[in-house]
Structure formats: structure tokens, C-alpha cells
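Have the sequence and the 3D view open as you read.

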Amino acid sequence: MKLISTRNSGERIEASRATLQGIAPDGGLYVPVSFPDIGALGDIVGMHYAALCAKVLGLFFDDIKDLEALTQSAYRQFDDESVAPVKKIGAGEYVLELWHGPTLAFKDMALSVLPRLMTASMDKGRDILILVATSGDTGKAALEGFCDVERTKILVFYPDDGVSDMQRLQMVTQEGGNTHVVAVKGNFDDAQNGVKAIFTDSGFIKTINDKGYGLSSANSINFGRLAPQIAYYIWAYARLLTYGDISLGEKINFVVPTGNFGNILAAYYAKKMGLPVNKLICASNKNNVLADFFKKGEYSLKRAFYKTMSPSMDILISSNLERLLFELTDRDAAAVTDMMRRLKESGAYAIDGQAKKTLESDFYAGWCDESETMDSIKSTFEEKGYLLDTHTAVAAGVYGKYKKTGDTAKTVIVSTASPYKFPEDVLLSLGEDVSGMSIFDMAQKLSGITGTAVPAQIKALESMPVLHTRVVETGAMRDAVLRIL
Ligand SMILES: *Cc1c(COP(=O)(O)O)cnc(C)c1O
């Protein structure tokens, strides 16, 4: 299928090429020319996850052969046979666990597939250099996804003082002959700005090209990350059908802990493709720019930035919202371009009344502050015996608020990380004392409390050698790139 840019609907390019390219030359994001239909849902019931994902990918990547072999190898490394288990935790309430991949966060669902889509789309000429700036989860998932993938190299920049201990350890112990990890002195914005500057430096890109590499990105603006995420919404629906808990065509809700709007956008795409969805519930943490936008119809960056216990949602510029704006404006590329220009120049933009109405028919938005997030972890564990991580806890907390609207539709809470990935805040939420404990002691303690095993990936970290120790100033990021080529 062909894709178009949200800022210029004239030019069309194959989904496979768009995935190699990352972002459109006009700065827009690639979206499908139209939404394909997922077909009869009855046919999907009983399919294995990899087969279902291949079916969804095939609707977009019709020029890539043998997608099922591709998805099977992508999901083989997951530690749950079903890939993404759906668990019932209350009456009409379910959790979709998206963290059974190598890095224990939902980024694996797409980043296990993306490198394979890229290599299947590559031409004979150049190899690929993937550059990533990460606030924690994306970097590790991209490293795992691209580890030892032929004809690719990956370089991840992370802020020296901006990731959790667990996230840092996961990255600096990364194995693989083509993986590189460099700390940048500064915060996430510094690392991100440095990478963005490289992507728009045509002279430097030419230097990279001359060395035989094309530059690409593994961030969630890449369509090749969005497409695999559509599959798990359809999957969750099929699971509820299999359980006999819903009837064919019955509408359900999804609650999604949101940062860059990539995950929940995939749910919206699934709805556009025919999935019976009632409300998409967008859950934010204290960085509630999205909740404000949904309420007021104005997106404004004039606000404080908070560091929270759900760091992967600590975001002010929610990039994938641009794809939703494109739909809300009836695919008006000029209007989207104008809003993005306003955001850049004055830090805010607004949508009109009609667009806001459309928005409200599909979405509900809410947010939780830090103490509500902790309460959500504690009460869900005490009342339902289910332990949430700090991100999913935001979703569960917002769902609690949503329920007061009186809606009784069955609801799937999308769980984006294992609680073992954020052991300190999870234990503190449960009222436990963690003073003097290492993250491995904490993981052990969580295991005792929940009766679940410490994930092998975390146990292994304790004895893995640190392989990546380089720290650079932001001004030296280009040098770091050249060194690995
Ligand atoms: C990335 C991430 C999110 C936010 O997802 P978006 O697609 O950016 O909205 C939520 N939770 C966890 C654990 C994540 O890693």
C-alpha cells in the first residue's frame, strides 16, 4: 500500500520505502492513503499471534514476501507462548500484557518486527545506520531488535543523568557486533536535539552515505513501528471472543498509558480498519498536555515539565498526535502543516469545533498525579491480586475515573511494562521499605510478594559485563557516529 505525508498528500510512496526513510522529506509523518479493512473478525479467532500480525502487516506491506516467517522469528524470543496474554482482572475488566519480549516493555512488540521489515525492504546498495535518542525503553528495545541484524548498525544515545539504573544497565551490557551505546552529557532533550540535528544536516548525511550507509530512525514516528502495533488490538478483541466474554460485533474500550501517542494511535487505526471499539481512553501522567488538549481543543507547551515515576510518558511534544490531527481535519495537509508551524513558533495550536466533536466521539482523556498512580498500584494489587507497573497504573487509575461516566462496555487496559522493570516505585507504592536495597534485591522482594519469578533478563543483568562506557559532550555526537562507521 502507498503512504502519504501528513503535510503533503500529493506524493505517494510504498510502506516499505517509508519505513526505511522514517520521516517524510517535508517533516510530516507517513500515513496510509486509506484504511484497509481487517475483514471478518470471526476468521481471526484462533489465529496465532504471529499469523495475525502477518495478516495485518500484509494489508500495508504488500510488496514484502513471507511476512509470516518474519513475524514468527520476531516473536519467537517472547517468554509467553501466546506473545501477548490477555488476563481478566475484574468484572468486564482485562489487562493486555505487552511486555513479554526481551526488554520487558511494549516497545518490543514493534521493535522486534521493524528491523526485519527494514532488511526486507533494503536494496542492494547501502547498509543502514539507525540512530536513536532514548529516555530509556526505546533504546534498549531497538538495540535488542537490531542486534546482529545483517547490514545494519545501531547507535543509541542516552542522557547520562536521565535514565533509571535498570534502564542504564540494560543498555550498557548490550551484546552484538553491530550495537553501540553512548551516554550524552545532558538531559533527554539534549540527546534528542543532537540526533535531530544530525538528521537534518545534509552535509553530514552525505558523509554517512559516502561510507556506504543510509540513515534511518527507530523512533515511533516510523510507520514500520506503528503497523505492528495495530495487530495487538485486534488480537485482544479476538481473545475476548474466544473466552466467550463478548459477542461478535460488541464494542469494547481500550485504556492506553500514553506519551508519544504511538500506542493509542494504533488502536485508533484498528478502529478505522473495522475493529468494534467504543471509547479509546487516553491516560496521561502529571505531564498532562494531552488530557488538556482533549478537554480544551488547544495543545499548549506553555507548562512545566515533570519527572515522574512513569518516565516513558514524560513527554511534552507528543509526535504521533500529528497523525490523529490529519484524520480530525479530514486529511487536510495544509491545516496540519499550519498547526505544526504554530507549535514550533508559538508553542501552541488549536483545533476547530468540528474536529473537537469528532475527537470526543472516539476518545476520552484523563490523567493521574503521582500519588494517584501509587494508589492505583496498591489498590489493584490488594483488591484484584494483580501487580501493575508505574505506567500501566496510570491507565488503571484513569479507567477508575472514566467508570464514573456510567459506561459498562468491557474494557481492556493496555499494560506497557513489567512491574519488575520499575521495582523501586512499585515497592514504595505497596508501602514497602527499600532503603539500602539494590535493584536486584528489590526484584527479589517483588518476587516474594507476588509469587512470580524474577524475569531471566533481569537476573542476567547482575553478572553481565559492562560493554559500553563512552560518554560524550553533545557537541561530539557526530564524532561518535563517524567512529562506528
Ligand atoms: C513508550 C512507553 C509508553 C508510551 O507509549 P507511546 O506510544 O509513546 O504513547 C508507555 N509505557 C511504557 C512502559 C513505555 O515504554
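In which hand of crossing does H2 pass H10? The crossing is right-handed, a label given when the near helix is turned clockwise from the far one by less than a right angle, with anticlockwise giving left-handed. The model is predicted, so local features need pLDDT of at least 70 and side-chain atom pairs count only at pLDDT 80 or more, while totals for chains, interfaces and linings use all residues. Residues are numbered from 1 along each chain as its sequence is written, and side-chain values use heavy atoms, with hydrogens and water left out.

**Helix H10 and its partners**

- Helices here are DSSP runs (H or I, at least four residues), numbered from the N terminus.
- Helix H2 (residues 49-60) packs on helix H10 (residues 223-243) at an angle of about 130°, and their axes are 9 Å apart; axes are lines fitted to C-alpha atoms over the stretch in contact, and angles run from 0 to 180 degrees between N-to-C directions.
- H2 and H10 are therefore oblique to each other, the class left over once angles under 35 degrees (roughly parallel), over 145 (roughly antiparallel) and 65 to 115 (roughly perpendicular) are set aside.
- On the H2 side, the contact (heavy atoms within 4.5 Å) is made by Tyr-49, Leu-52, Cys-53, Val-56, Leu-57 and Phe-60, and residues of H10 including Phe-223, Ile-230 and Trp-235 meet them.
- This H2 and H10 contact has 14 nonpolar residues, with no polar and no charged ones; Ala, Val, Leu, Ile, Met, Phe, Trp, Tyr, Cys and Pro count as nonpolar, Asp, Glu, Lys and Arg as charged, and the others, Gly among them, as polar.
- H10 also packs with helix H11 (residues 262-272), at about 60° with axes 8 Å apart, and the crossing of H10 and H11 is right-handed.
- Among the residues in that contact are Phe-223, Gln-229 and Ile-230 of H10 and Gly-262, Asn-263 and Leu-265 of H11.
- By class, the H10 and H11 contact holds 12 nonpolar, 3 polar and no charged residues.

**Helices H13 and H14**

- Helix H13 (residues 321-328) and helix H14 (residues 333-346) pack at about 140°, with axes 9 Å apart.
- H13 and H14 are therefore oblique to each other, and their crossing is right-handed.
- Glu-322, Leu-325 and Phe-326 of H13 touch Ala-333, Val-336, Met-339 and Met-340 of H14.
- That contact has 6 nonpolar, no polar and 1 charged residues.

- On a 1 Å grid over the protein atoms alone, a cavity is a set of points where a 1.4 Å probe fits but cannot get out, and a pocket is an open set with protein on both sides within 12 Å along at least five of seven lines; lining residues have an atom within 4 Å of a point.
- The count comes to 1 cavity of 30 Å³ or more.
- The largest cavity holds about 50 Å³, where a volume is the space filled by probe spheres set on points joined across faces, edges and corners.
- Thr-258, Asn-287, Tyr-299 and Met-313 are among the residues lining the largest cavity, and its lining has 7 nonpolar, 5 polar and no charged residues.
- The second largest pocket has a volume of about 360 Å³, and of its 17 lining residues, Lys-87, Glu-97, Trp-99, Tyr-420 and Thr-452 are the closest to its centre.
- The lining of the second largest pocket divides into 9 nonpolar, 5 polar and 3 charged residues.

Notes. Helices (H or I, at least four residues) and strands (E, at least two) are DSSP runs, numbered from the N terminus.
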